[in-house]
Amino acid sequence: MEYRQQIIEEYKAAAEPLLKYLPWMEKNAGRTVSRNYQGNGLSKRTMSFPVYDATLMNFVREAAASPLMNRNYVYVYTRNRIRNHADEKRLIAGAELKDWEILGGILSKYVLEGQTKASLWGEAVQEDIFLLVLRKMREIIGYWDRAGRK
C-alpha cells in the first residue's frame with residue numbers, strides 16, 4: 001500500500017505540470033493548430049514549414065523535459081501492437097495504473113518524434129492524443145490519490 005502511494009506521488013509530480021495545458025487541449029481538440037509559414041520575399045523554391053501556437057510549443061518543451069518521456073517508446077508500440085490512432089485511443093481509454101508506461105510511451109512518441117517531424121505535434125492535437133493521455137493520467141492519479149487517503 002505504501003509503495004503504491006509512493007508511485008502515485010511520483011506519477012503525480014511528473015504529470016501535474018502538464019495538466020495545466022488541459023483546458024487549451026480541450027479548447028483546441030480536433031483543430032488544426034499550425035499554419036505553414038512561407039514568408040514574404042521567399043522564393044517559390046523555398047520549403048514552407050509549420051508554425052505552431054505558443055501554448056502548444058510550451059507544452060511540448062515541458063513534456064520533453066519531464067520524467068514521462070520514454071526514449072524507448074518504440075518498444076511500447078511494438079509490445080502493444082499499436083499501429084494507428086485507433087489503437088492508441090483504445091489503449092488510452094482502457095489504461096489503468098499498471099499501464100502508465102503505455103501512456104508515457106504514446107506521449108513520448110509525439111513529443112520526441114515531433115522534434116524531427118514537427119507535423120506530429122499538430123497531429124497529436126488534431127487526433128486528441130495529447131488530450132486523451134492527459135485526461136487519463138489525471139483520472140488515474142485522482143482515483144488512486146483518493147483511494148490512498150481512505
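Buried residues are those under 20% relative accessible area and exposed ones those over 50%, with partly exposed in between (1.4 Å probe, protein chains only). The model shown is predicted, so local features need pLDDT of at least 70 and side-chain atom pairs count only at pLDDT 80 or more, whereas totals for chains, interfaces and linings use all residues. Residues are numbered from 1 along each chain as its sequence is written, and side-chain values use heavy atoms, with hydrogens and water left out.

View A. Helix α5 covers residues 85-94; helices here are DSSP runs (H or I, at least four residues; strands are E, at least two), numbered from the N terminus. Its buried residues are Asp87, Glu88, Leu91 and Ile92. Because these residues cover an arc of only 130° around the axis, they lie on the same side of α5; the arc is that of the directions from the helix axis to the C-beta atoms. Ala86 and Ala93 are exposed on the face of α5 turned away from its buried side. At the start of the helix, asparagine 84 places a side-chain oxygen within 3.1 Å of the backbone nitrogen of alanine 86.

View B. A salt bridge is a side-chain nitrogen of Lys or Arg within 4 Å of a carboxyl oxygen of Asp or Glu, and a search of the whole structure finds nine of them. One of these joins arginine 90 to aspartate 87 at 3.4 Å, N to O; the two residues are three apart in α5, which means that about one helical turn separates them. Arginine 90 counts as partly exposed at 49% relative accessibility, while aspartate 87 counts as buried at 14%. In another, the closest N and O atoms of lysine 109 and glutamate 88 are 4.0 Å apart. Since lysine 109 belongs to helix α6 (residues 100-113) and glutamate 88 to α5, this pair ties together parts that are 21 residues apart in sequence. Both partners are buried, lysine 109 at 17% relative accessibility and glutamate 88 with a relative accessible area of 1%.

**View C. A salt bridge between lysine 98 and aspartate 99.** The side chains of these two residues meet at 3.4 Å, N to O. Lysine 98 counts as exposed at 66% relative accessibility, whereas aspartate 99 is buried, with a relative accessible area of 14%.

View D. In α3 (residues 54-64), the buried residues are Leu56, Phe59, Val60 and Ala63. They cover an arc of only 95° around the axis, and therefore lie on the same side of α3. Ala54 and Arg61 are exposed on the other side of this helix. Aspartate 53 caps the N-terminal end of α3, with a side-chain oxygen 2.7 Å from the backbone nitrogen of threonine 55.

**View E. Aromatic rings.** Rings of Phe, Tyr and Trp (its six-membered ring) pair if their centres lie within 6.5 Å, and planes under 30 degrees apart count as stacked, over 60 as edge-to-face and the rest as tilted. The structure holds five aromatic pairs. Among them, tyrosine 143 and tryptophan 144 are edge-to-face, 5.1 Å centre to centre with 85° between the planes. Tyrosine 143 counts as partly exposed at 49% relative accessibility, as does tryptophan 144 at 22%. Ring pairs also link Tyr21, Phe59, Tyr110 and Phe130 into a cluster. The charged end of lysine 109 sits over the ring of tyrosine 110, 4.8 Å from its centre (NZ of Lys or CZ of Arg within 6 Å of the ring centre and within 35 degrees of the ring normal).

Key
Polar contact = N/O pair within 3.5 Å; in protein donor to acceptor, adjacent residues only side chain to side chain.
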